[in-house]
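Biologist: Hi! Could you walk me through this one?

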Amino acid sequence: MMDIKTVTVIGVTGTMGANVAGIFASFGNAKVYCIGRDFEKVKRTIPRIVGSVKADVIAKNLIPADFSMLETCVSESDLVFESSAEVFEIKAGIAGRVGKTLKKTAVSCTGTSGLSITTLAGYYPEEMRSRFFGVHMFNPPYSMPLCELIPTVYSDKEVLDELHDYLDRKLLRTVVEVKDLPAFLGNRIGFQFINEALQYADKYKDNGGIDYIDAILGPFTGRVMAPLETSDFVGLDVHKAIVDNIYENTNDCAHETFFLPEFFRELVSENRLGRKTGSGLYRTIRHENGVEHLVFDISTGDYRDVIPYAFPFADKMKRCIAEGDYEKAFRELAGSHALEAEICRSFLLKYIVYSLYAAEEVGYTIEVADDVMAVGFNWCPPLAMYQALSTVSDVPVMMREYLPEICGKVDLEGLLDGVRPSRYDYRPYFRTGM
Amino acid sequence: MNKVYILGGAQTDFERNWEKEGKNMTALLREAVFDGLKGAGLTFDDVRELNKNNRVACFVGNFIAEKYTEQGHLGALLTEVNPAFYGVPSARYEAACASGSAAIDAAQTKIQAGEYDVAVVVGWELMKTVDSRTGGDFLGRAAFYEKEGKGINMPFPRLFGKLADETLKKYGTNEKRYMDALAQIAAINYANAKRNPLAQTRKWFMSYKQASTRGTDTNPIVGGRLAVSDCSQVTDGAAVVVLASENFVRGRGLRDKPVIKGYGHRVAPMLFDRKMEDNRGSSYILPWTRQAVLDAYRRSGLTVEDIDVFETHDCFTSSEYAAVSAFGLTEPGREYEAVESGMIAFDGKKPINPGGGLIGCGHPVGASGVRMFLDLYKQVSGEAGGYQISGVRNAMMLNFGGSATTNYVFVVGEYR
């Protein structure tokens, strides 16, 4: 296995940088140079890194540093992990500096969540490009071990395999190799769903909009958190960057679902970025005697109380799931003719179709779609969703009935040929709590 | 006496928090029983068919659902899982953390006596329904609550911290050597859990260094010398095993199913201090634990040489330490040798807890005995996957309740 004794993490004061440094220092048992712009801020970040893996003993593995020490740190390192701001010019500038001093035997990685790895590789000296990879982890990596590994045309296959093995066996990541395409695989599938949910919130704004759609696609449909709540949690700016990147740089069977609604752009421009700024799609107000949950009402442009929707099909499903009777829950979903049940059904079916399609486009095997959604998003993965719905209905027939548009654009037969039993159990993902 | 075969079973994913998933005990039992029957190659129709002639029964192990979930009458509760259990004899067995073993013992006895052909054993506990302090107080009822539990914060870490003190006192072991051995025990269990896809701590970070650095923010002291890294987990979970008679196994053409080769069941004085008074005449710190092991060796006609893998009740590292000599792996007082030499590590000569034990895999108290027994079955039948020890012919488990008060030992092996 790759012998990684010393690591440099660049951009350590960011959430991802700090968490990744913790993974290298703990599971990797490596000495980690922690580089940030402000040395004092880096020092203040160290306890946060220790806390992220709940282990005081790694503190002595963490060496604070700033950009003036970058060359020294890099020249001593077996692995460099760049986790700077998601701005191409910044990452390209760092790649140029790292490439000049990187040891010939070392490996360099970028943690970008969607920029082109191949283009960034061009900023390394020619002889070092074979040792540069995209390594995209999900947040927080301690509990979400997904790691997308992205080689480029320059990559050395042997180094790739060794890095894969190191990430898998030493750092205990669930590693999936994917192609260097915008947003990679997890976010491509996840944000297709989330952004289309956002478009539906806009379309059904007079029915309630955001909280209406979240009530239709909540945890009882196979996820820990409802989709628009997830957008609010990861940040509206991050959501925007991901879908804009996909919309501008790809043209697939679900192209229009990556288009961002106008109201969402306005929220971003007003710096209402979600949980991290206090308001976004939702707003939480803390009072002395409790918490008030408000939601952005697209029709009025104001925040109002979240509505406790009671859709009969959803309530029945939740009661069944609470008792562990999943089949009965799926039967309620399959059998209801209510508008909300139809929306829910079509989203779950499209999620399966689009995952199969994207796995073929961005991944190398069908199973990777399951890995990215289960381990990166904590959603019932697509093959497991297929199995779940298959307990009560003929899934291909339902797909053709409810999704004529996307089914007309893809080779459904070909995609369904790839379906096989999931390695994941669907049951834990269908939940009744929020 | 009739032979008792093990058809198989299943455990739930011990990482799951059923309260957070918004699911109740019926959901837990539905999933566990469904998977358990499937793992044993049975269906609900088989249960219906067997029940026509009164040939199947259920045995439920659970410690204290009355506190955690406000529910008693747990044998009857299985009728909520599936109508196939209507009319099937079923009752709950309780012996604190050894409740699962008490249920297995009752089940094997009925099969031995020829009363039933199939016995479904279900061990379960939902513990994340309350905060850890409240849960710690509930668990105090596995000790003598009035004298050892009531009003005491976290009574069990204290009791097993006292076991550590008493071990040092009895044998005069070097304190550092002893504490390092305990840290190594923790590190081994956490490392083994990484091989087990159903272990609660499979994603957690733990190293020998972290485990041996006690009294820090991330590894605070919880009882005497023991820190968080020395403790097993608070876990939601269930485990199911299905036992069967020779008639049934033959009728189904099932060869090579493992059998129960022997057991031991001894009860030590309830109060911890009385246990320590009681051990004065013995070279063992827990003489009744040792006696239960000896009984199991005698009944199985095997010795420690014949056992290829062990499962022990590592509710705390100090209890696994004491189990080492109770199994006969070292002389009493020299347990550190088995730790230092690597004997009990995954690739050692006598591995203990290859799937992570209570520390690594988790400890839903009423399920633990059944989970251990299921792991013996998996090891002997070659179904342990990532934590399979190669060439296992016989395996032994020690499951205890309270402060090593109820002691249960089972030997499972190939039938020859």
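This is a predicted model: local features need pLDDT of at least 70, side-chain atom pairs count only at pLDDT 80 or more; totals for chains, interfaces and linings use all residues.

Biologist: Great, sheets then. In what order do the eight strands of the open sheet in chain A run?

Modeller: The order is 3-2-1-4-5-6-7-8 in chain A, and the pairing is mixed.

Biologist: Which strands stand at the edges there?

Modeller: Strand 3 (62–66) and strand 8 (174–177) of chain A. Each has a single partner strand, so one side of each is left without a neighbour in the sheet.

Biologist: And what does the twist average from one strand to the next?

Modeller: The twist averages 25°.

Biologist: Can you zoom in on a pair? How many bridges join strand 6 and strand 7 of chain A?

Modeller: Four bridges, in the antiparallel sense, between strand 6 (residues 132–137) and strand 7 (residues 146–150) of chain A. Within that pair, A:Gly134 stands opposite A:Ile150 of strand 7.

Biologist: Which strands does helix 1 of chain A lie across?

Modeller: Helix 1 (residues 15–26) of chain A lies across strand 1 (6–10), strand 2 (31–36), strand 3, strand 4 (79–82) and strand 6 of chain A. Its angle to strand 1 of chain A is about 175°.

Biologist: Nice. What about the open sheet of three strands?

Modeller: That one has the order 9-10-11 in chain A, with antiparallel pairing. Strand 9 (282–287) and strand 11 (302–305) of chain A are at its edges, each with a single partner strand, so each has one side without a neighbour in the sheet. On average, neighbouring strands here are turned by 35° against each other, direction ignored.

Biologist: How many bridges between strand 9 and strand 10 of chain A?

Modeller: Six, again antiparallel, with strand 10 covering residues 290–297 of chain A. A:Arg283 stands opposite A:Leu294 in strand 10 of chain A.

Biologist: Changing topic: how many residues are in the largest nonpolar core?

Modeller: It has 292 residues, and B:Val121 and B:Phe410 have the most contacts inside it. Helix 14 (residues 339–362) of chain A gives the most to this core, with 15 residues. The core also draws at least three residues from each of domain 1 (6–177) and domain 2 (186–429) of chain A.

Biologist: What does B:Phe410 touch?

Modeller: Leaving out residues up to four places away in sequence, B:Phe410 touches B:Ile104, B:Ile260, B:Tyr263, B:Ala296, B:Phe373, B:Leu376 and B:Met397.

Biologist: Last one: how many residues does each chain put into the contact?

Modeller: Chain A puts in 20 residues and chain B 22 residues. The chain A side that touches chain B has nine nonpolar, five polar and six charged residues.

Methods. Residues are numbered from 1 along each chain as its sequence is written. Chains are lettered from A and ligands numbered from 1 in the order in which they are written. Two strands pair if DSSP finds at least two bridges between them. Helices (H or I, at least four residues) and strands (E, at least two) are DSSP runs, numbered from the N terminus. Axes are lines fitted to C-alpha atoms, for helices over the stretch in contact, and angles run from 0 to 180 degrees between N-to-C directions. A nonpolar core is a set of buried Ala, Val, Leu, Ile, Met, Phe, Trp, Tyr and Cys residues joined through C-beta atoms within 7 Å. A residue is buried if 20 or more other C-beta atoms lie within 10 Å of its own, exposed if 12 or fewer, and partly exposed in between; C-beta atoms are placed from the backbone. Domain bounds come from an automatic or database domain assignment. Two residues are in contact if their C-beta atoms, placed from the backbone, lie within 7 Å. Ala, Val, Leu, Ile, Met, Phe, Trp, Tyr, Cys and Pro count as nonpolar, Asp, Glu, Lys and Arg as charged, and the others, Gly among them, as polar.
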